[in-house]
Every structure is written in C-alpha cells, then in structure tokens.
Amino acid sequence: MATLTTTPRADGFHMPAEWAPHSQTWMVWPERPDNWRLGGKPVQAAHVALAKAIARFEPVTVAVSAAQFSNARARLDAPNIRVVEISNDDAWVRDTGPTFVIDGNGQVRGVDWAFNAWGGFEGGLYSPWQRDDEVAQKILELEHCDRYRTEGFVLEGGSIHVDGEGTLVTTEECLLNHNRNPHLNREQIEAVLREHLAVSTIVWLPEGLYNDETNGHVDNFCCFVRPGEVLLAWTDDPKSPNYERCQAALKVLESSRDAKGRPFIVHKMPIPGPLYATQEECDGVDLVAGTQERNPSARLAGSYVNFLIVNGGIIAPSFDDPLDSEAKALLEQLFPQHQVVMVPGRELLLGGGNIHCLTQQQPAA
Ligand code: KQY
C-alpha cells in the first residue's frame with residue numbers, strides 16, 4: 001500500500017471517536033519475559049479472556065510472533081478471532097499500531113507514528129524497538145490501507161483521546177517530555193496533531209496518573225464518554241500521590257471549551273487500590289539490563305479509565321478491588337446503550353498498562 005506524502009487533514013481524513021462503529025479490534029500477543037511474569041503465561045490467559053470478551057461484540061485480530069503462533073492460535077480458538085503473524089517487541093498495540101483515520105467516502109487510512117518505546121534512551125522501557133515501530137505499517141498492509149508516516153515525530157496512541165468532533169485531550173507530561181520530540185515546542189507538536197488527526201482544539205492536562213511508566217498517558221487517566229463529556233480518574237484523598245494530578249486536570253477541564261465551544265461535563269471515576277505487585281509477582285519477571293525493573297514497593301498505575309469502547313460494549317478492567325462494582329455501575333450509567341463487561345485486569349496491569357493500551361480499534365469504512 002502507498003505511503004502518502006500528504007496529511008490526513010489535507011486529504012479530508014480525521015480520527016473518529018472510539019464510539020464510532022468499528023470493523024475490528026487489533027491486539028498483539030504478549031510474550032516478552034522481561035515484562036510479563038513467568039514467561040508470559042499468566043498474562044496470555046488474561047489476554048485470551050480479553051480477546052474473547054471483545055469478540056462477543058466485534059471481530060478481533062491478534063498479531064503474534066512466529067515463535068508463539070501455534071500456541072496463540074490454539075488458545076484463541078474462538079469465533080470472531082483471527083490470528084496473524086507479525087514480529088513485535090511487546091503487546092502494546094495502542095502505541096505501536098496505526099491510528100486509523102476515515103473520510104466521508106468510506107475510506108480508511110492509517111497514521112504510522114514513529115515509536116521509541118516510551119522515551120528511547122532517556123527512560124524508555126526497552127531497546128531495540130524496531131519491530132514495534134514496524135507493527136503499524138504491517139497492519140496497514142494487511143488491511144489494504146494507505147499510510148501516513150510521521151518520520152521523526154514520536155507519538156503513542158495511548159497519549160491522545162479525541163471526541164471525533166475536533167477536540168483532542170492529552171498530557172504535557174507525555175507529549176512535552178524531552179524524551180519524545182525534543183526538537184519541537186508545544187505549538188509545533190499541536191500543528192502535527194492538527195494535520196494528522198484533523199482536530200482543532202487541544203486540551204493539555206498537566207500530568208497523567210502517578211507512576212504510569214509511559215510518562216502519563218492520557219488513556220490511563222481521562223477519556224471522552226461522548227462529545228462534551230469526559231471521565232477523569234479521581235481521588236479525594238489529599239495524601240494520595242494522585243491528588244494534585246486530579247485537581248490540576250479538573251482545573252484545566254473546568255476552564256476549557258471543546259471544539260464546538262461546549263464546556264466539559266466532568267465525571268469522576270474512583271482510582272482502585274492503592275495496588276502493588278507482590279514480591280512473588282516481581283520475582284517472576286526476567287531481569288534484563290535496560291528494561292523496566294519490577295519492585296513491590298512501586299505503586300501500580302491501576303485505572304478503570306483504561307477501558308475500550310467496542311460496538312455495543314464497554315470492556316473494562318477489574319482488579320479484585322472493593323471499587324470494582326462502583327466502577328462498573330458508573331460505566332453503565334455513562335454508557336446506557338452499551339453492555340459493560342469487566343475482565344480481570346491485574347495481570348495486564350503488572351506489565352505496565354491495561355485494556356485500552358493493549359487494543360487498537362479499526363473504524364468501519
Ligand atoms: O500503557 C501503555 N500504553 C503502554 C505501557 C507499556 C508498558 C511496558 N512495560
């Protein structure tokens with residue numbers, strides 16, 4: 001498929017909201033033993049449960065390395081799940097996959113952002129990351145979608161959310177971090193976002209959730225539930241390391257307008273925990289120089305906001321936490337037309353992210 005030298009905006013394409021109809025959801029099979037404990041076996045079981053939950057609502061394609069193909073194919077033996085071979089460095093397809101864009105004529109294309117493993121050699125989580133950087137192109141080839149490549153401009157899909165009506169929300173902690181695009185200032189970064197996603201209003205939250213190893217991805221902290229309404233991870237506990245972060249985000253949201261001039265209605269989602277990995281869970285992760293070490297005293301960045309909207313459903317993580325039922329009830333209230341399904345999120349969280357980070361929706365043509 002062609003790699004285009006124009007931009008989505010110039011060609012009449014934009015990124016739709018996550019609640020727009022999907023043709024499928026993409027996932028990548030987790031296996032790297034220096035991120036996932038016990039050679040990835042517990043997370044693979046969680047990943048199968050997640051894929052099956054999504055497949056109740058829409059087709060799922062799981063990309064898998066050659067080494068794990070037959071294992072993944074056998075374990076994902078369920079209706080609506082396709083398995084294809086794509087080399088990768090880890091499973092975070094929200095960040096390594098394409099950001100799909102659509103036009104008004106039924107065409108779908110993809111933005112292939114440069115990827116540097118969440119910070120390259122300045123705090124990134126592993127190297128090399130070349131196979132991850134090639135995942136988006138391979139997905140677009142399989143889907144016969146033309147591609148826009150932002151060579152030299154680093155971005156992860158988990159660091160942005162859009163409402164499909166011209167508004168984008170992100171965090172300064174991530175997009176202005178020196179380890180992503182140090183050669184660009186805020187205005188220049190905004191210009192790339194406007195051109196590639198066709199947004200007109202960019203809302204900058206100062207930070208994401210505490211101890212999120214992505215430098216504060218917005219998808220673990222705040223998302224749109226419909227135009228003009230956002231869901232923000234929240235704590236009322238002034239002693240929580242998230243307290244100031246939540247207050248600062250609320251202040252920005254309350255003083256902002258979206259692309260249509262609407263003030264935001266802000267819904268507050270309680271933060272579970274505090275959650276920590278056990279010593280045994282940490283001991284199950286291979287120690288490899290240059291990759292993220294696991295430590296039982298480090299607070300995990302667990303969040304119910306890290307859910308995926310699918311056709312007719314909401315797929316959200318549960319954490320065996322007393323707040324699980326409150327989170328489910330709030331999602332049911334916010335998405336009355338969707339069925340809310342919670343799947344166990346702890347094994348996913350132990351690897352540093354959750355459901356939204358591990359999935360990538362492909363909008364319907
Ligand atoms: O949250 C994400 N979008 C990715 C997390 C990567 C964690 C790698 N250990």
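The largest cavity in this predicted model has a volume of about 150 Å³. Its lining counts 17 residues, and those closest to its centre are Trp92, Trp118, Leu125, Glu213 and Gly351. By class, that lining splits into 5 nonpolar, 7 polar and 5 charged residues. In total, the structure holds 6 cavities of 30 Å³ or more.

| Residue | Polar atom in the residue | Distance to a ligand nitrogen |
|---|---|---|
| Asn35 | side chain | 2.8 Å |
| Asp95 | side chain | 2.6 Å |
| Gly351 | backbone | 2.9 Å |

On its own, the ligand exposes 300 Å², and the protein buries 99% of that area.

Now for the second largest cavity, with a volume of about 120 Å³. Among the 17 residues lining this cavity, Glu18, His161, Val162, Cys223 and His356 are the closest to its centre. Strand S8 (161-162) and strand S11 (222-226) each contribute at least two lining residues here. The lining of the second largest cavity consists of 11 nonpolar, 4 polar and 2 charged residues.

Note on methods. Residues numbered from 1 in each chain as written. Predicted model: local features only at pLDDT ≥ 70, side-chain atom pairs only at ≥ 80, totals over all residues. Heavy atoms only, no water. Polar contact = N/O pair within 3.5 Å; in protein donor to acceptor, adjacent residues only side chain to side chain. Areas by Shrake-Rupley, 256 points an atom, 1.4 Å probe, with all protein chains shown as cover. 1 Å grid on protein atoms, 1.4 Å probe; cavity = no way out; pocket = protein on both sides within 12 Å on 5 of 7 lines; lining within 4 Å. Points joined across faces, edges and corners; volume = space filled by probe spheres on them. Nonpolar A, V, L, I, M, F, W, Y, C, P; charged D, E, K, R; others polar. Helix = DSSP H or I, 4+ residues; strand = E, 2+ residues; numbered from the N terminus.
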